Amino acid sequence: MCDVQPASRLTADVRRALSALREAQAGLALPSELPRHTAQWCEVNPGLFHREHVARNLPALISGLPDRWPARTLWSNAYLRRRLARTLVTLSLTPDGRADAVVNGRFQQPADVQVPFVDALDHLLAQSASSST
């Protein structure tokens with residue numbers, strides 16, 4: 001049986017540890033607003049961009065990409081369907097979109113499934129259409 005003490009009786013060490021845990025967990029959630037960067041900032045700070053976004057798997061909005069970058073005009077949904085038709089991608093599925101996180105006191109891991117890219121794209125487009133109506 002666990003001896004639970006009221007919060008008023010917690011030692012200073014336990015309070016500090018709980019506070020540190022709360023701060024550490026807060027860093028695991030996505031920001032409420034996406035960071036915005038310019039393409040020039042990303043070119044000047046590639047290490048910082050990698051550390052803050054790529055390594056942490058966090059999104060960012062990048063503006064000011066060069067007009068000559070082929071993906072700006074080439075990467076349409078139709079093009080991606082043709083090029084990636086047979087490519088399998090891994091989707092990490094959870095009921096609420098929060099993977100590798102503590103939810104309702106339990107550590108939640110995603111169900112990783114491999115699906116054809118075109119199926120994943122169709123799903124994303126359907127979600128996008130339903131959320132905009």
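The model is predicted, so local features need pLDDT of at least 70 and side-chain atom pairs count only at pLDDT 80 or more, whereas totals for chains, interfaces and linings use all residues. Residues are numbered from 1 along each chain as its sequence is written, and side-chain values use heavy atoms, with hydrogens and water left out.

**Fold**

The protein chain contains six helices and six strands, where helices (H or I, at least four residues) and strands (E, at least two) are DSSP runs numbered from the N terminus. Their order from the N terminus is α-β-α-α-β-α-α-β-β-β-β-α. Of its 133 residues, 14% are buried; buried denotes under 20% relative accessible area, exposed over 50%, and partly exposed the range in between (1.4 Å probe, protein chains only).

**Salt bridges**

Side chains of opposite charge can pair when their charged atoms come close. The structure has two salt bridges, each defined as a side-chain nitrogen of Lys or Arg within 4 Å of a carboxyl oxygen of Asp or Glu.

| Salt bridge | Closest N and O atoms |
|---|---|
| R51 and E52 | 3.7 Å |
| R81 and D122 | 2.6 Å |

R81 pairs with D122. This pair connects distant parts of the chain, with R81 in helix α5 (residues 77–83) and D122 in helix α6, 41 residues apart. R81 is partly exposed, at 28% relative accessibility, and D122 is also partly exposed, at 36%. E52, in the pair with R51, is partly exposed with a relative accessible area of 31%.

**Second largest pocket**

A pocket is an open set of points on a 1 Å grid over the protein atoms alone, where a 1.4 Å probe fits, with protein on both sides within 12 Å along at least five of seven lines; lining residues have an atom within 4 Å of a point. The second largest pocket has a volume of about 220 Å³, the volume being the space filled by probe spheres set on the points, which are joined across faces, edges and corners. Its lining consists of V89, L91, L93, F117, A120, L121, H123, L124 and Q127. Both β3 (88–93) and α6 (117–131) supply at least two lining residues, and α6 gives the most, with six. By class, the lining has seven nonpolar, two polar and no charged residues; Ala, Val, Leu, Ile, Met, Phe, Trp, Tyr, Cys and Pro count as nonpolar, Asp, Glu, Lys and Arg as charged, and the others, Gly among them, as polar.

**Nonpolar patch**

W69, L74 and W75 make a nonpolar surface patch of about 350 Å². Patch residues have over 30% relative accessible area and no salt bridge; like charges are joined within 9 Å and nonpolar side chains (Val, Leu, Ile, Met, Phe, Trp, Tyr) within 5 Å. Accessible areas come from the Shrake-Rupley method with a 1.4 Å probe, and for residues only the protein chains shown count as cover. W69 lies in the loop between β2 (61–63) and α4 (71–74) and is partly exposed, at 41% relative accessibility.
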